[in-house]
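User: I would like to learn how to read the features of a structure such as this one. Please take me through some of them step by step, with the general idea ahead of each case.

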Amino acid sequence: MTEADFAAWAAEWRTPPAPIVPVPALTVISSGGVLRGARVMIGLPGHGWRTGLRGDTMIRQGARSLIPVLAEAEWYRAERERVEVFAALVPVERVWVETISTSAERTASTDSLALVSLDSPPTRVAVPAEVIAAQAAGQLTGRRLVQVGADGEQRGLRAVTEAHSGPEGNAQVRVAQEHDWYRWAATGQAPATRAVPISDLWLE
């Protein structure tokens with residue numbers, strides 16, 4: 001058994017993190033959920049979806065209900081610098097909130113093409129970082145990761161390196177907190193990073 005075969009076998013026995021299930025913004029609002037700072041997706045059924053966004057509190061303009069939506073980098077800048085930034089106003093029915101679901105199916109087949117419905121954004125099931133790193137075109141740097149360990153799930157991480165050999169020869173990836181990742185781009189200040197065994201990481 002090769003190292004890659006062993007990694008694939010071991011990955012089958014690990015508990016993946018909870019998947020991300022997009023929920024209509026109206027459903028989140030009606031159930032008392034908060035949109036300010038929530039990861040959101042916008043789009044149209046049958047057309048497509050845009051991710052990498054954050055939402056804010058719903059506003060009303062006449063009979064229209066709108067969600068201020070801004071790029072994630074801009075949201076982090078506004079929070080960091082305490083400044084107002086431009087946000088597009090998107091009709092509430094075109095906004096979905098990325099919700100972590102503990103009840104949804106956690107595994108997906110990586111061996112075959114999985115077709116989805118265009119009626120709503122699809123559930124996003126986590127994929128072992130090892131699977132991505134093992135692919136010829138697989139790249140981890142900059143991707144959203146979840147670390148799963150004895151203490152549960154840790155989200156809000158970004159990979160700052162590809163998989164590499166650690167001091168003891170084990171494969172690892174250096175990660176940073178997401179707010180530090182975006183600050184790096186805005187200010188040039190390198191983030192604090194830490195090495196995590198690749199076997200503990202999942203692509204969100």
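This is a predicted model: local features need pLDDT of at least 70, side-chain atom pairs count only at pLDDT 80 or more; totals for chains, interfaces and linings use all residues.

User: Where is Ala190 found?

Analyst: Ala190 is found in the loop between helix 5 and strand 13, the latter covering residues 194-197. Leaving aside neighbours within four places in sequence, Ala190 is in contact with Arg183 and Trp184.

User: Is Asp180 buried or exposed?

Analyst: Asp180 has a relative accessible area of 11% and is therefore buried, the cut-off for buried being under 20%. Asp180 is found in helix 5. Its C-alpha atom is separated by 9.4 Å from that of Leu157, a residue 23 places away along the chain.

User: How should I read a helix in terms of its buried residues?

Analyst: The general idea is that an α-helix has 3.6 residues a turn, so residues three or four places apart point the same way. In this structure, the buried residues of helix 5 are Glu178, Asp180, Tyr182 and Arg183. What covers them includes strand 2 (39-44), strand 3 (48-55) and helix 3, as well as strand 9 (144-149), strand 10 (152-159) and strand 12 (171-177).

User: What is the phi of Gly188, the residue that follows helix 5?

Analyst: Gly188 has a positive phi, near 85°. As a general rule, most residues other than glycine have a negative phi. Arg82 is a case to set beside that rule: its phi is near 55°, a positive value in a residue other than glycine. Arg82 is found in the loop between helix 3 and strand 6, and its relative accessibility of 67% is why it counts as exposed. Glu84 has its place in that loop between helix 3 and strand 6 (88-91) as well. With a relative accessible area of 80%, Glu84 is exposed. The C-alpha atoms of Glu84 and Glu74, ten residues apart along the chain, lie 9.5 Å from each other.

User: How many aromatic pairs does a search of the whole structure find?

Analyst: The search finds four aromatic pairs. To read such a pair, one looks at the distance between ring centres and the angle between ring planes. Trp75 and Tyr76 form one of the pairs, at 5.0 Å centre to centre and with 75° between the planes, an edge-to-face arrangement. Tyr76 and Tyr182 have ring centres 5.1 Å apart and planes at 20°, so this pair is stacked. Because Tyr76 lies in helix 3 (residues 72-81) and Tyr182 in helix 5 (residues 178-187), the pair ties together parts that are 106 residues apart in sequence.

User: Which residues do ring pairs link into a cluster?

Analyst: The cluster consists of Trp75, Tyr76 and Tyr182. Trp75 and Tyr76 are buried, and Tyr182 is buried too. A charged residue is also placed here: Arg54 lies over the face of Trp75, 4.5 Å from the ring centre.

User: How does one look for empty space inside a structure?

Analyst: Rolling a probe the size of a water molecule over the atoms shows where empty space is left. This structure holds one cavity of 30 Å³ or more, and the largest cavity has a volume of about 30 Å³.

User: Which residues line the largest cavity?

Analyst: The lining is made up of Pro17, Ala18, Pro19, Ile20, Arg124, Ala126, Val146, Arg155 and Glu204. By class, these residues divide into six nonpolar, no polar and three charged.

Terms used
Residues are numbered from 1 along each chain as its sequence is written. Side-chain values use heavy atoms; hydrogens and water are left out. Rings of Phe, Tyr and Trp (its six-membered ring) pair if their centres lie within 6.5 Å; planes under 30 degrees apart count as stacked, over 60 as edge-to-face and the rest as tilted. Buried means under 20% relative accessible area, exposed over 50%, partly exposed in between (1.4 Å probe, protein chains only). Helices (H or I, at least four residues) and strands (E, at least two) are DSSP runs, numbered from the N terminus. A charge sits over a ring if NZ of Lys or CZ of Arg is within 6 Å of the ring centre and within 35 degrees of the ring normal. Contact means heavy atoms within 4.5 Å. On a 1 Å grid over the protein atoms alone, a cavity is a set of points where a 1.4 Å probe fits but cannot get out, and a pocket is an open set with protein on both sides within 12 Å along at least five of seven lines; lining residues have an atom within 4 Å of a point. Grid points are joined across faces, edges and corners, and a volume is the space filled by probe spheres set on the points. Ala, Val, Leu, Ile, Met, Phe, Trp, Tyr, Cys and Pro count as nonpolar, Asp, Glu, Lys and Arg as charged, and the others, Gly among them, as polar.
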